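Thanks for sending this one over. Here are my notes, in the order I'd go through them with the model open on the screen.

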Amino acid sequence: MEHPMLAVRLFGAPDLRGRAGTDWEIHLPHRALSVLARLLLVRGNIGRDDIAFLLWPDEPEDEARANLRRAIYGITQTLPPRAEPWIRATRTTLAWAGGPDASVDVIEYEELLEQGRYAQADSLYMGDLLESLDEPWIEPERERLREAQLDCLMHLLNDARARGDSVTAMRYAKRALRIDPWREDFERVLIALRRDAGDRAGALQEYKRFASALHGEIGVDPMPETTAEAMQTPAPAPLKRTRSTIPSPISSFVGRETELRELTSLLGTNRLVSVLGPGGVGKTRLAVAVAHRMENDFAAADFIDVAPVKQTEFFLPAVASALGLRDFTAESVYSRIADTLSGEPRLLLIDNCERVTEASATFAARILQACPQLRILTTSREPLHVTGEIWYEVQPLPLDDALTLLCDRVRALYPAFALTGETAAAIVSICKRLDGIPLAIELAASRARTLSPNQILERLDDRFELLCATSTAGVPHQQTLRAAIDWSYEMLSSSEAQALRALALFHGGADLAAVQAMWEPEIPPEQTLGVLTTLVEKSFVRVMPGRRSNRYTLLESIREYLLEKLRDSGEFRYVRTRHALYYAEFAEAIEPLLVRGDQSSAIDRLSVEDENFRAVLDADAEDRTTREVQLRLSVALRWYYNFRGMLTEAIAYLNKGLALLEAMPDNPQHDLLALRLHASLGTTMMLAKSWAAPEAEAAYETASTLIHAATDHREAIWILWGIWVYHQVRGNMHGALAARDRLRAVARRHGDEVSTLIADMVSLQVAFYTGNFHECLAFCRSVEATFRPEHRALISLYTIDIELVTLVHRSLARWILGDAQASLAAGGEAESRARRLAHPYSLAWTLTWGSTPYLLSGDLDALGKCLREGLQISESHHFSFIAAMAKIMLGWIAGRSGSLDAGIAQMERGLDALHATGAAIAVPHFRTLIAEFLGAASRTGEALAMLSAAERQVSSWNERWQLAEVYRVRGDLTGDLGCYQAARDVAAAQDARAWLARAKNGEAACVSK
């Protein structure tokens, strides 16, 4: 096949193109693109669950599977149509089935490398794999291909040098250094090429540039070989080493390259460096690796493990013994040690200082003063607090390195192990659940002889029983995960231990105010910071920078350990109640700001506590106090979850709140709470399930019977607004009119600005869709005259920002009335204001429905840009109603761009998706657009059927704003001049000059035929 139907580029910025005479660009949402890329790179069957859990690891399993189904549907609907499906799917597996109909650059690239066709392969490498996607599973593939490209460039470079083509060789070396700026083998080649070309000054300049960049970015100097190449002198000989007791690890050291560079640099310029971190994080292995890396810098290097030392008086004898000293007395031990360590550059690595911190600190301070050429590297769970000490905190392994470590250790026990689609999801989840702690990962790997990755994952809920060494070798406090934590926990005072246990109930961390509230009254507020600092320095609590303030978190294994201790102490229920009460009060205090204050700030403050809210709401309701707190929290968060687009969580917690309320009929606020929960549930059901969802209608009907309980008439306005939305979006203008009249009556009765604004917003939309465009503009002016910035907070109650609703409908009405310039100005203003709001639903709706004037004017570039962004936002937030409209209109663009059949197919799929949401608003408009394309494709019978369906909807539901267009298109299809007359009559009655002009143009064209 000369030109494949589909061309996929994964190197650099992802790009998909189909062919229909000329290339046309294909757009996939972020997640769908990730799914497609995974299928392309695996090149074989991959389990549905494996890919779902790999790409959505933090979602519940059912939601992850649903996300995958949506992504696969979106891919198959977006790619060019062909007889065979692009993706071969069974109930349990998926596989890419593009064959010769698709060209994929990564596949071609690796085939070319295997064939030794390096120049052709190099031409395909346009940048890092999927450089715009930031997903954990991509990085190992990205790094693998990056290394393959470096090897490819080395082949090309060597070939060029062999041919004597130094210019080409130099170009390849420079390209390699753009991929990896610190690859000194390429740097040496580049220096040698310049020198061999007679440019010794250029070679030295290149070396100086590299050395300066290396030192500035990483803090190290070039390798001696690189310096020698630049200076044409041999590399300096290392110091003659007299002895080293640094242990040689028996297993590979994984990752930590950045930490190695940073620690090497720190120890090169400082005499005392302490490597700090919680138990099992890999402090010792890192320190040993640093010592080995720097072995040529010292005449001798010694390793001293002071873990067995329990008492201060035994510290110096233990050090002396480790240094090989014998026959010393208590009086002479220090001077003997000082004599041994002085006189030449030496390194002392003191491991596990946390139990003898004071003795370690005293020794370090004295010995460094006595031995000017000595450097000390310590590992500890807390700092020594010695003058001049540099603290270096070791973090858990990042996910990529954790995955590499786990796979490496599993293969050591089970050589046949392979990371496949069936095991990848479990391996990723294990590493995440274990926080990237190397000890925990190695202990988990030790179970690989008898348990599969999925079995290990299933048993992590009981991690302290599972994570025990299968060998008795090694130090005792590294034999089990529990022992590693016990080692530090036993050093806490009773009050510190009690305070630490109380932090176990926090999920996702806590700020200082939450910690203080949890510790009162046992710890007075003025002492909170001191106790917290102690727990941070002892490596139990981690400090994470936050948007507003620092947050304090626990590693998951430490949190699980503390939960055990909390239950054993009998404090669990008391601490859990304190935690729940704090977050209920916190949410209740912020709730008013969602609708009457700084909404963006309120959303930010709530969003950082998502995990704590879930922990409270998901806890077992064992007593009435817990049930009451959960009810309070579900009510306080009812707007927040809707605003964030977290509709699944909103439905779950609103239903839970209703169930809790039903179990407490004696609650004095029963009817008021029921009103609020049912009304919120109605709105959420419409957004999440379907605008025609019976649950939405039932929730609103129940809420309408409880309006009497509203403490504020604005709550009654809100309920009536929801009922109006329910009817309007379903296309039932009769029901919408009735709800509007009830709402306006309440607004008139109370007469406040907010009620009037809502009534006018509803009225302008009803006027528009019933074809009363001047009335619509009158209500637009009323809203604009009343609206003030402080009303902005109403967007969480009324789904779309009121000002945007007004601007968009003013834009649409102005266009239809014939004032195109004013229409486009209002549309541009709406888009600009929508981008300034931190409200995804409003922005997606404005970009989609607010771009309709671009559709009517035929500005395809502006329209396409808005629609693609609106679709991306809608799909990422599951705004199915808006997403369906965007797909229809993108299909219209495809049809207008020459792909008539593809455009019709996409519009019809979008219309089906719109029907699936239960929405009917604007459906006659979309059917009219499709009918016009069907006519152009000579499918007149289908076009007329589509128009008849549009007419029936207009007649039954009174959505008349585009009725003139229905008649005009019928005239275009049939040549019936009476249809044009009907179109002119309707347009004239509505003063719809744009529709009138279209009808006249259509009639003139028909007559001229």
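1. What percentage of the 1009 residues in the chain is buried? The figure is 54%. Keep in mind as you read on that this is a predicted model, so everything below is computed from predicted coordinates.

2. On overall dimensions, the C-alpha atoms fill a box of roughly 115 × 85 × 50 Å along the principal axes. The chain has an accessible surface of about 42500 Å², and carbon and sulfur atoms account for 51% of that. As for secondary structure, you'll find 49 helices and 15 strands.

3. Helix 13 brings Phe315, Leu316 and Val319 to the contact, while helix 15 brings Ala359, Ser360 and Phe363. By type, that is five nonpolar residues, one polar and no charged.

4. Compare that with helix 45 (residues 923–936) and helix 47 (residues 963–974). Here the axes come within 10 Å and cross at roughly 10 degrees, which makes helix 45 roughly parallel to helix 47. On the helix 45 side the residues are Thr928, Ala931, Glu932 and Gly935; on the helix 47 side they are Glu965, Val966, Arg968, Val969, Asp972 and Leu973. This contact divides into four nonpolar, two polar and four charged residues.

5. Next, the aromatics: the count comes to 19 aromatic pairs. In one of them, phenylalanine 11 and tyrosine 125 have ring centres 4.8 Å apart and planes at 45 degrees, so the pair is tilted. Phenylalanine 11 sits in the loop between strand 1 (6–9) and strand 2 (15–20), and tyrosine 125 in the loop between helix 5 (118–124) and helix 6 (138–162), so the pair ties together parts that are 114 residues apart in sequence. Both phenylalanine 11 and tyrosine 125 are buried.

6. Another pair, tyrosine 582 with phenylalanine 586, is stacked, with 6.1 Å from centre to centre and 20 degrees between the planes. Why are these two separated by about one helical turn? Because tyrosine 582 and phenylalanine 586 are four residues apart in helix 26 (residues 572–596). Tyrosine 582 and phenylalanine 586 are both buried.

7. There is also an aromatic cluster to look at. Its members are Phe768, Tyr769, Phe773, Trp849, Phe926 and Trp961.

8. Last, a single residue. Is glutamate 382 buried or exposed? Its relative accessibility is 15%, so glutamate 382 counts as buried, the cut-off being under 20%. You'll find glutamate 382 in the loop between strand 12 (374–380) and strand 13 (390–393). Leaving aside neighbours within four places in sequence, glutamate 382 is in contact with Leu276, Glu354, Thr357, Glu537 and Lys538.

Notes
Residues are numbered from 1 along each chain as its sequence is written. This is a predicted model: local features need pLDDT of at least 70, side-chain atom pairs count only at pLDDT 80 or more; totals for chains, interfaces and linings use all residues. Side-chain values use heavy atoms; hydrogens and water are left out. Contact means heavy atoms within 4.5 Å. Ala, Val, Leu, Ile, Met, Phe, Trp, Tyr, Cys and Pro count as nonpolar, Asp, Glu, Lys and Arg as charged, and the others, Gly among them, as polar. Buried means under 20% relative accessible area, exposed over 50%, partly exposed in between (1.4 Å probe, protein chains only). Accessible areas come from the Shrake-Rupley method with a 1.4 Å probe; for residues, only the protein chains shown count as cover. Rings of Phe, Tyr and Trp (its six-membered ring) pair if their centres lie within 6.5 Å; planes under 30 degrees apart count as stacked, over 60 as edge-to-face and the rest as tilted. Axes are lines fitted to C-alpha atoms, for helices over the stretch in contact, and angles run from 0 to 180 degrees between N-to-C directions. Angles under 35 degrees count as roughly parallel, over 145 as roughly antiparallel, 65 to 115 as roughly perpendicular and the rest as oblique.
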